[in-house]
There are 2 protein chains.
Amino acid sequence: MAGVTFDFDADTSVEPAGDGRWVAAVRPGWSIAGAPNGGYLVSTILSAMGTAVPDHPDPLAVTAHFPGRADPGPAEVDTAVVRTGRRHATVTGTLSQDGAPRVTVACTYGDLSRTEGPSHIAESRPAFPAPEECVPAGGPEAPGFVQDFVSRFDLRLTPDTARWATARPSGVAEMCGWIRFADGREPDPRCLVLFADAFPPSTFNLMESSWVPTLELTVHVRRRPAPGWVQGRFRTRYLINGYLEEDGELWDANGDLVALSRQLARIR
Amino acid sequence: MAGVTFDFDADTSVEPAGDGRWVAAVRPGWSIAGAPNGGYLVSTILSAMGTAVPDHPDPLAVTAHFPGRADPGPAEVDTAVVRTGRRHATVTGTLSQDGAPRVTVACTYGDLSRTEGPSHIAESRPAFPAPEECVPAGGPEAPGFVQDFVSRFDLRLTPDTARWATARPSGVAEMCGWIRFADGREPDPRCLVLFADAFPPSTFNLMESSWVPTLELTVHVRRRPAPGWVQGRFRTRYLINGYLEEDGELWDANGDLVALSRQLARIR
């Protein structure tokens with residue numbers, strides 16, 4: 001497949017402009033109701049940040065704050081290497097538009113192919129109905145303003161957690177299902193940050209709401225994912241005065257945990 | 001109690017040096033085996049960062065990466081306001097020693113006294129034995145190198161999760177108990193970041209290990225804590241090739257959830 005460029009890679013690509021500065025763009029097609037997806041924006045910033053530390057290929061801990069709303073259009077990314085060590089490297093990056101910061105990221109990089117030490121898994125992967133038995137997100141009944149974003153993925157929700165769309169909110173703030181890119185791009189550590197922010201908000205199963213903007217998103221990538229489907233579960237335990245956490249777990253096609261995520265968001 | 005200065009406030013104090021730069025110090029007494037506690041270092045950086053955004057008094061989402069090990073001694077903190085908005089403000093800060101960055105923090109600030117919106121709590125506070133029935137951390141049998149740090153707190157572990165110290169590791173990676181400052185300082189949002197990193201690692205109940213250094217720490221402060229004890233629960237579900245997450249929940253004396261934390265750490 002030499003020469004094939006997948007949407008995710010093309011649309012998160014950046015051009016070096018020297019001194020840690022990058023010419024970027026917020027491409028259309030990754031927005032919901034005009035607001036670019038946060039995981040997509042972070043993935044673009046990571047495109048720039050990662051090139052600074054080639055010996056530490058994997059984003060192990062990604063933290064992102066969202067001081068301003070981005071818009072489709074030109075952008076710049078400023079990156080800085082905080083420190084490169086033997087085992088880990090720390091890099092920061094900020095995406096700005098019209099000179100105003102929109103997303104600021106810090107990442108501890110490492111090499112997941114060289115980790116060593118004890119393992120102990122206390123929780124097993126939940127059993128979901130197979131993708132064929134799940135509900136495709138963004139079916140013809142979904143509102144037009146989500147179609148652009150949803151069409152980038154093959155995203156299927158378990159029938160229990162699709163009830164907000166197929167019937168009425170289940171009353172349990174949980175969203176579960178399967179995700180992969182629609183164009184066949186296989187998952188890697190960087191795209192797990194996007195996958196961790198691509199499911200409908202788990203609070204859609206609690207109450208009708210419009211946008212649930214992210215204030216902060218943290219993703220820990222724990223393993224390089226195998227090719228194929230990624231299985232995701234997102235849950236909210238504490239909605240307090242409009243603020244909520246959404247905790248995510250992602251497993252790969254081998255059944256191994258590949259990432260944990262948490263975001264702080266606010267219901268509008 | 002006018003005129004009283006508590007240890008935490010004195011030992012995290014900083015002096016302005018202009019242009020977002022601060023003279024700071026890593027004070028002795030907050031280290032374990034010579035390594036300053038990560039939550040303490042972040043609290044010092046927040047002392048500087050918070051003064052930049054007085055209209056947004058509460059750290060809502062604090063993310064910290066630890067590129068280098070700090071040592072007791074002089075330090076400087078550099079802060080920058082990324083953006084101040086109506087409801088939230090984003091600030092970054094880095095603590096350096098000898099010109100080398102040791103801890104880099106980003107924080108989304110807000111005002112927890114003015115939040116409004118729906119609430120829905122899906123999980124109730126766990127019932128712990130009363131503090132009097134718990135096991136004080138840092139008793140006379142504890143090793144000398146933890147005494148300095150532990151003596152800053154009144155920290156008591158539930159008998160079930162103190163078994164690594166009183167008998168042998170329980171086999172469940174969980175650490176639960178009660179915490180407050182030894183000198184009577186009442187909890188506030190900033191010190192919750194320290195409390196979220198002050199319990200023994202939950203993995204001490206899985207296996208004997210030495211230091212478990214933190215790579216990244218995220219704390220979401222969800223409510224201003226009431227005076228009195230803070231109740232904490234810390235759990236690790238996924239230890240993979242030496243890397244682990246530790247998820248924490250903190251409740252105040254009213255029984256309300258006040259913070260969620262997660263850190264990525266590595267067993268040495």
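About 5200 Å² is buried between chain A and chain B, with carbon and sulfur atoms giving 58% of that area; buried area here is the accessible area (1.4 Å probe) that two parts lose on being put together, summed over both. Keep in mind that this is a predicted model, where local features need pLDDT of at least 70, side-chain atom pairs count only at pLDDT 80 or more, and totals for chains, interfaces and linings use all residues. Residues are numbered from 1 along each chain as its sequence is written, chains are lettered from A in the order in which they are written, and side-chain values use heavy atoms, leaving out hydrogens and water.

So how do the two chains sit together? A rotation of 180 degrees, with 0.0 Å of shift along its axis, puts chain A on chain B at an RMSD of 0.0 Å (least squares on the C-alpha atoms of residues with pLDDT of at least 70 in both). The two copies are thus related as by a two-fold rotation axis. Thr63(A) is the chain A residue that comes closest to that axis, its C-alpha at 3.3 Å.

Now the contacts themselves. On each side, 56 residues of chain A meet 56 residues of chain B, contact meaning heavy atoms within 4.5 Å. There are 6 salt bridges between the chains (a side-chain nitrogen of Lys or Arg within 4 Å of a carboxyl oxygen of Asp or Glu). One of them pairs Arg222(B) with Glu245(A), the closest N and O atoms being 3.1 Å apart.
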